[in-house]
Amino acid sequence: MTPATSALDFLKRKKLKPGFDYRDVWQEEHHIHFTVAKAMRLDVLENIYQAVVVAEAEGKTLRQFAKELTPLLQKKGWWGRQQMHDPLTGEIKDVQLGSPRRLKVIYQTNLRTARAAGQWGRIERNKPSYAYLLYELGPSRTHRDEHVAWAGVILPVDHPFWETRYPPNGWGCKCRVRPVSQAEYDRLKGTSKYMTDAPPEQTREWVNQRTGEVESVTQGVHPAFNYHIGKHRLQQSYSLIRNKINASQSDLALGTVSSLLKSQVFTDWFKQPTPDSRFVIAALDENLKGRLKAKQKAVLLSEATLVKQKRNHPELKLDEYQLIPEVIAKGKVIQAGEQNLYFYAVHGRLYKVVVKRTEDRQENYLTTFHRKSIKQLNSELAKGKLLRNWDK
């Protein structure tokens, strides 16, 4: 796969995710979603996304990108300073929509991160021949002091240094890495220009004002880039999305999970789940969370349950699993015992989903998913209390 193809593939896998603030779609969520702060209309976000994809596919310059996209955004009213409602706080804020500066940030950030992600795939594949990476400064007029200090660092591909400092490391950062062979490493090590020991990592606490979460951020790295852009670590993304769902209103939580299940990330996990992994599969509303006396809204599907499901219900395909958020959000609900909820919904067929809360109330798991008949449903109505009927 060529560098351009790798970056383009990374972009094409993304699903649209509107967000008011750049912190609303955070860090590793960008492996899954394409977003632009304040682009709350899907048609506007789609226009920007397609322009980015075409720019990468055809090698368009920033000037070409902006020249073609500007009149379209102006025609749709997404330009200049405007009053906009913040769905998180309920406030009306004066915000900047489209502008030459914003288009520059959109173009540069999306193309650089896509190319960095694509390059990491090649780095992993070529590791037997190029086992080291060299941190290099890009062609910026000025550089962050920390980035200057990292220039010339040569470390193994698997070194922890790259977990926090694989570039880009901030808005406008043009830093890069170059793969290095063993022979070149032996030639460069020990010279004054290069370092083969990792510089100490200094961190600071940073509070995400949108979520209240406190994060440990590496000095010299902007909080929005405080993750390994080249890697998609499923478990970290799971934790991030689970926390967002637990803090979201029901309709936003449903949209987040539904989008996630339609992503390539879920498709890959569904085909071959890693041992002991789990995936956010749905979200409970506040009423059902209260009924279960649960501490979380997120519903998880474990690798063990998915393996069991595939063995016992091989007729169920990927597209049917993608219906689970809707079944839980809009279907008939029966509570059977203190820890279990039964969900039934019709999507061409009648489906049943069972969610069970853990004893410590910390997590909710999907334990059963399969097709049912109306006759079977009627017989199960006697097992518990009807909490929500078809006409929710």
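I would like to start at Phe279, which has its place in strand 10, where strands are DSSP runs of E of at least two residues and helices are runs of H or I of at least four residues, both numbered from the N terminus. What we have on the screen is a predicted model, in which local features need pLDDT of at least 70 and side-chain atom pairs count only at pLDDT 80 or more, while totals for chains, interfaces and linings use all residues. Residues are numbered from 1 along each chain as its sequence is written, and side-chain values use heavy atoms, with hydrogens and water left out.

Phe279 counts as buried because its relative accessibility is 3%; here buried means under 20% relative accessible area, exposed means over 50%, and partly exposed is what lies in between, with a 1.4 Å probe and protein chains only. Between the C-alpha atoms of Phe279 and His33 there are 16 Å in space, and 246 residues in sequence.

Let me turn to the aromatic pairs, of which the structure holds 17. The rings of Trp269 and Phe279 have centres 5.2 Å apart and planes at 40°, so this pair is tilted; the rule is that rings of Phe, Tyr and Trp (its six-membered ring) pair if their centres lie within 6.5 Å, with planes under 30 degrees apart counted as stacked, over 60 as edge-to-face and the rest as tilted. The pair links distant parts of the chain, since Trp269 sits in helix 10 (residues 264-271) and Phe279 in strand 10 (residues 278-283), 10 residues apart. Trp269 is buried, as Phe279 is.

Tyr351 and Phe369 make an aromatic pair that is stacked, with 5.5 Å from centre to centre and 25° between the planes. Here too distant parts of the chain are linked, with Tyr351 in strand 14 (residues 349-357) and Phe369 in strand 15 (residues 364-372), 18 residues apart. Both of these residues, Tyr351 and Phe369, are buried, and for Phe369 the relative accessible area is 0%.

What does Phe369 touch, if we do not count residues up to four places away in sequence? The list consists of Gln309, His313, Leu316, Glu320, Tyr321, Ile324, Tyr351, Lys352 and Val353, a contact being heavy atoms within 4.5 Å. Gln309 lies 60 residues from Phe369 along the chain, and the C-alpha atoms of the two are separated by 7.4 Å. To bring the two pairs together, ring pairs link Phe266, Trp269, Phe270, Phe279, Tyr321, Tyr351 and Phe369 into a cluster.

Now to the backbone, where a few places deserve a careful look. Pro167 and Pro168 are joined by a cis peptide bond, with omega at about 5°, and Pro168 is found in the loop between helix 6 (161-165) and strand 7 (176-180).

Lys293, a residue other than glycine, has a positive phi, near 55°; this lysine belongs to the loop between helix 11 (286-292) and strand 11 (298-302), and with 47% relative accessibility Lys293 counts as partly exposed. Arg361 is not a glycine either, yet has a positive phi of about 70°. Arg361 lies in the loop between strand 14 and strand 15, and at 27% relative accessibility Arg361 is partly exposed.

Is Val346 buried or exposed? Val346 is exposed, with a relative accessible area of 52%. From Val346 to Thr211 there are 135 residues in sequence and 35 Å in space, C-alpha to C-alpha.

Let me finish with the chain as a whole. The secondary structure comes to 15 helices and 16 strands, and the C-alpha atoms fill a box of roughly 75 × 50 × 40 Å along the principal axes. For 392 residues a compact globule would have a radius of gyration near 21 Å, and the chain, at 24 Å, agrees with that; the radius is taken over C-alpha atoms, and the globule rule is 2.2 Å times the number of residues to the power 0.38. Of the 392 residues in the chain, 51% are buried. Finally, among contacts between residues at least 6 apart in sequence, 64% join residues at least 24 apart.
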